[in-house]
Amino acid sequence: LSRRFSPTVINTFCVVFGLCGLALAAFAIDYEAVDARLVYVLTVILTMVLFDPNASSPPPFVTVLDKYMLSTYAYLLLSMIAHSWGNHIGSAENDWIACITFMSLYAAYNLVLVAYMVMVRKRERHK
């Protein structure tokens with residue numbers, strides 16, 4: 001992380017951050033259109049696989065970027081599960097609550113991971 005921090009952040013982290021943010025746009029689709037929401041989030045997941053630098057040849061250890069990618073995949077999987085319950089939500093108000101919840105979760109896990117990345121970079125610089 002300390003050797004290639006800037007290219008990694010620009011080329012991977014920012015792109016994945018933006019793509020995952022685009023997954024929140026699935027809440028703009030009618031909550032009863034479950035299939036459209038799932039197709040949208042699945043498209044985001046497939047696009048993220050395209051930008052995963054370790055998808056073709058993973059290293060024998062887990063990097064900070066790998067942890068970020070795994071947490072993003074988990075977030076999108078959770079999003080797909082929530083969208084699959086679209087017909088059971090019952091109202092647009094409950095869908096709005098789910099949207100706010102996912103926005104908060106998205107912001108929280110990205111802030112925690114950025115803080116972790118900064119901490120790891122500082123620790124590696126002191127070596």
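I next looked up the largest nonpolar core, which has 28 residues. Tyr 75 and Leu 76 are the residues with the most contacts inside this core. I noted that helix 1 (5-23), helix 2 (34-51), helix 3 (64-84) and helix 5 (92-125) each supply at least two of its residues. Helix 5 gives the largest share, eight residues. As background, I recorded that nonpolar side chains tend to be buried together in soluble globular proteins.

I then examined how helix 2 and helix 3 are arranged. Their axes come within 9 Å and cross at roughly 170 degrees. An angle over 145 degrees counts as roughly antiparallel, and helix 2 and helix 3 are therefore roughly antiparallel to each other. On the helix 2 side, the contact includes Val 34, Arg 37, Leu 38 and Val 41. On the helix 3 side, Met 69, Thr 72, Tyr 73 and Leu 76 are among the residues that take part. Sorted by class, this contact has 12 nonpolar, four polar and one charged residues.

Last, I checked the confidence of the prediction. The chain has a mean pLDDT of 83, and 91% of its residues reach 70 or more. Confidence is highest in helix 2, at a mean of 89, and lowest in helix 4 (residues 86-89), at 67.

Key
Residues numbered from 1 in each chain as written. Predicted model: local features only at pLDDT ≥ 70, side-chain atom pairs only at ≥ 80, totals over all residues. Heavy atoms only, no water. Core = buried A, V, L, I, M, F, W, Y, C linked by side-chain atoms within 4.5 Å. Buried < 20%, exposed > 50% of the residue type's maximum accessible area, 1.4 Å probe, protein only. Helix = DSSP H or I, 4+ residues; strand = E, 2+ residues; numbered from the N terminus. pLDDT = per-residue confidence, 0-100. Axes fitted to C-alpha atoms, helices over the stretch in contact; angles between N-to-C directions. Parallel < 35°, antiparallel > 145°, perpendicular 65-115°, else oblique. Contact = heavy atoms within 4.5 Å. Nonpolar A, V, L, I, M, F, W, Y, C, P; charged D, E, K, R; others polar.
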